[in-house]
Amino acid sequence: MNTSPTNAPLTGEDVHLLKKALIARQLRKEISALLDTPESIGALVPPPSPETPDATFPLLSPLFSRLLLPFPPLQAADNGPKEFWRVCGRFLGLFRGVDSGGTASHIAKRDLLANKAVDAIAAMLGKSVRTTTEEYELKEGTRVGNGVQVPEQKQFVFQEVEIVETKVTVKKGLWRSSETVEYTVRSIMNGRTAIARRDYGAFKSLHKELIRRANLRIPALPTVSGTPKGTSLSYAITSLTTYLWSLSSQPTSTLRDFLNQSEPIVHSNSDDQEASKKADEIRKALDMFRDEVLEPGGLAKVFAVIGKAEEISELPAHYRMVVEWWKMCAAASFYRTFITHDRAPEHLRRLKAFHSRAPYRSWAALLKSTNPVMVVKAIGNLLLARPFGTKCLLQSMITGIIDDEIRATLKEIQYVERFTGPDISISAKEVVNRAPLGGYELDISADLPAQILGYQPDAASPERQAVERLLGYYWRMRRLHQFRNLVQEDVVVHLAKDILAISYKPLTEAYKAADPGSCIRDGAKFIEDLLRIAEIEQAKGPTAPRNANAPPLRPFITLLSRHEHRIFKHVRSTLSAQPGRIHSLAEIASWADDVAKFFRGYGPVVDLASVVQNPSIDREALMRDLEKLRARKKERNEKVRQRVLSRVLGVAKGDVLDEELQVSDVGLALQDIWAEEHGPVWVDGLTGVADGVADSVADDRNTLQVPKPLHKARSITSFESLVDPSDAPSETPTPPTTEEDVESQLRALMVDDESGDSSDGTFMMEPPTVEPGIVAAASGFGVVYRQKTEWKDPLGLEVVPELMGPWLKALGPWLEVVAGGAV
């Protein structure tokens, strides 16, 4: 703990922390006002001839005009950038009516994400606003390659490359089939043996790829017939083996992929000290890369470095470390999606269905031979066309996806109902349906599972877990319904048209610079490999025992390593294209450099010292505030370190917010319902499972077994009974048997009670339908914001609120310069 005397002068670090706290507090105030404004971000659009500064948004308004309005692609919007932001504001104003979730976990994640975003913006502005007492360390021109000790690049050494077998295979063509010779190549690299089966066409593709590199000396490819007729197999084997041996002295990523040696060499896991060292190296590399981008002309330099490198191994050391970190993050995302997620089998099933039906070859041929300008325009016009004022195809597609999610959520609700019974499920639905917009903020301390169950369950009891899951599912149903209503709004079409207009030129230029046909083919290979790995890992299960040398993320990191050279090839081909072919990318890079220049320090210095040294300021309270700010910074740095360390160790416990909140993943193993579904049996008003199924569920899935009776509650079958308990029917509901019954039950779950009073400040869900009357009534989601948004300081600082007035006055000259430089 800091024991500095209260009369000691503030250090540069203290001033920087205090400045960021002041900026963050002002941001929270202005964003709260922005959230309560119907036009949302559209309120920041400056009027045609501004005469006085915006008193409501003194900080956000000039920043918006200075940084966002000049974004180059926005100039291509139909009615200019200002109108685009007004349309975007109307959309965000309606989006404000979509709940982020009402469970304690949802609210905690939302608050954490919001505070992280505000603090990140405050940190960036803290670099732009310079004070008289701060000390800045200028490192321009000395960042690259300094301060980070990156391990030397692994040397790939081939001990053996030989063709061990040939085989005649039938290759099917569009009109006829032909016979080809397939060569089985065995290679040993760094002691690892791999087998690859390639025909002569693959050899020619390998040679074509390698001769493009100016820094490689590639021998001539032997001329060999690709068909069995007239082929001397002994000559082919000898000459092709010699060719591969010549290439093995330069083990490029393309050659390693050709020989199936692109996977990283897996050694035994490092100890904790080595893992911690590598995590620190990654963090330093990320900081270096960020600082390099923010340097003058930084983005253009990054593009140039990537464009000059033929493969990832030729990138600077800190670039390679950043690529490795991105692979870890992508692997964690794949692991959560296909292994630990409740719907992991469903996600895998959908991806398999898409992969099996996607006509990749037709797409590749079409994109290769079609004018990209025509393709982009045709697709946009097709998706956004509204014949006779009806909903466009894009709206119908999104609505269909939402309907699929509603059906899937209903299926999960029915699964949990087997253990809890319909009474508890409908009670949970009632709590969600009557909750105010945004969640249970009015009574966050209430124990909702205990209220629904009728008694106080243990923290880890299966009953509590089941109710918490039901609450989460009903919040998802409510949110999906709100999204469905939002999609029907006309502003969605207007926004989509504007986005298409501003992205048209950059997309078409990138399309011309890249090879779309090759992107399609490589994407198909990646999806096929991903499906194979996901099936293997899903069969093991997320709780399968693993030794220290096989962390959960390793299979997915290995997957990305096998395909990283293809991904890098497409990125490099786009970034290394001639500048004349990608004007939009150059314009965006120029704008990014201007923004980076702004955040390196802009405008006059601000005299924060005079504000802090005011005799009326409680010095001891100020020291307490600074101690809180130091402690929070230390805590955040430790959380980042732990997250990077977990990725280095190959572990992904949850998403980033889950890991920061340290939310444990305990609950029902619901993912099994997507693999096999058993019909519910309705007994004594509770939902059970058929004889013989319950035992298998308990044994194989280790899922919830709720004792009977779970709690003494009446049977509720309709929303009318929620209003008048005396009207509750006594008969038990009939389980759904057909798809129509499921749909009708879904609609019944979401129907509001017509006799309910909507003036009590609660949100009433409406049935997911597209009838004109319902859409008109739901255009504002039936919500009136009855309480003003209040974004409280998470640290409860004492002196910072008193400094806001003098701070804004001292910041005035800086804001005037920012507003004067706005476009």
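Modeller: In this predicted model, a cavity is a set of grid points where a 1.4 Å probe fits but cannot get out, and a lining residue has an atom within 4 Å of such a point.

Biologist: What makes A21 and R632 part of the lining of the largest cavity?

Modeller: Lining residues need an atom within 4 Å of a cavity point. The residues that line the largest cavity are A21, A24, R25, R28, D119, L629, R632, D793, L795 and L797.

Biologist: How many cavities of 30 Å³ or more are counted, and how much space lies in the largest cavity?

Modeller: The count comes to one cavity of 30 Å³ or more. About 60 Å³ of space lies in the largest cavity.

Biologist: Which helices each supply at least two residues of that lining, and which gives the most?

Modeller: Helices α1 (12-35) and α23 (619-648) each supply at least two residues. Helix α1 gives the most, with four residues.

Biologist: What is the make-up of the lining by class?

Modeller: Ala and Leu count as nonpolar, and Asp and Arg as charged. On that basis the lining of the largest cavity has five nonpolar, five charged and no polar residues.

Biologist: How do you know that β1 and β2 are paired strands?

Modeller: Two strands pair if at least two bridges are found between them. Strand β1 and strand β2 (residues 177-189) have 13 bridges in the antiparallel sense, so they are paired. V168 stands opposite V181 in β2.

Biologist: Why are β1 and β3 said to stand at the edges of the sheet?

Modeller: The open sheet has three strands in the order β1-β2-β3, with antiparallel pairing. Strands β1 (158-172) and β3 (192-199) each have a single partner strand, so one side of each is left without a neighbour in the sheet. Neighbouring strands of this sheet are turned by 15° against each other on average, direction ignored.

Biologist: Which helices lie against these strands?

Modeller: Helix α5 (residues 200-210) lies across β2 and β3, running at about 105° to β3. Helix α6 (residues 233-248) packs on the sheet and touches β1 and β2, its direction making about 135° with that of β1.

Biologist: Why is the aromatic pair of F71 and W591 called edge-to-face?

Modeller: The structure holds 18 aromatic pairs. For F71 and W591 the centres are 4.7 Å apart and the angle between the planes is 70°. Centres within 6.5 Å make a pair, and planes over 60 degrees apart count as edge-to-face. The pair of F71 and W591 is therefore edge-to-face.

Biologist: What does this pair tie together?

Modeller: F71 lies in the loop between α2 (60-68) and α3 (80-95), and W591 lies in helix α21 (residues 583-599), so the pair ties together parts that are 520 residues apart in sequence.

Definitions and conventions: Residues numbered from 1 in each chain as written. Predicted model: local features only at pLDDT ≥ 70, side-chain atom pairs only at ≥ 80, totals over all residues. Heavy atoms only, no water. 1 Å grid on protein atoms, 1.4 Å probe; cavity = no way out; pocket = protein on both sides within 12 Å on 5 of 7 lines; lining within 4 Å. Points joined across faces, edges and corners; volume = space filled by probe spheres on them. Axes fitted to C-alpha atoms, helices over the stretch in contact; angles between N-to-C directions. Contact = heavy atoms within 4.5 Å. Phe/Tyr/Trp six-rings, centres within 6.5 Å; stacked < 30°, edge-to-face > 60°.
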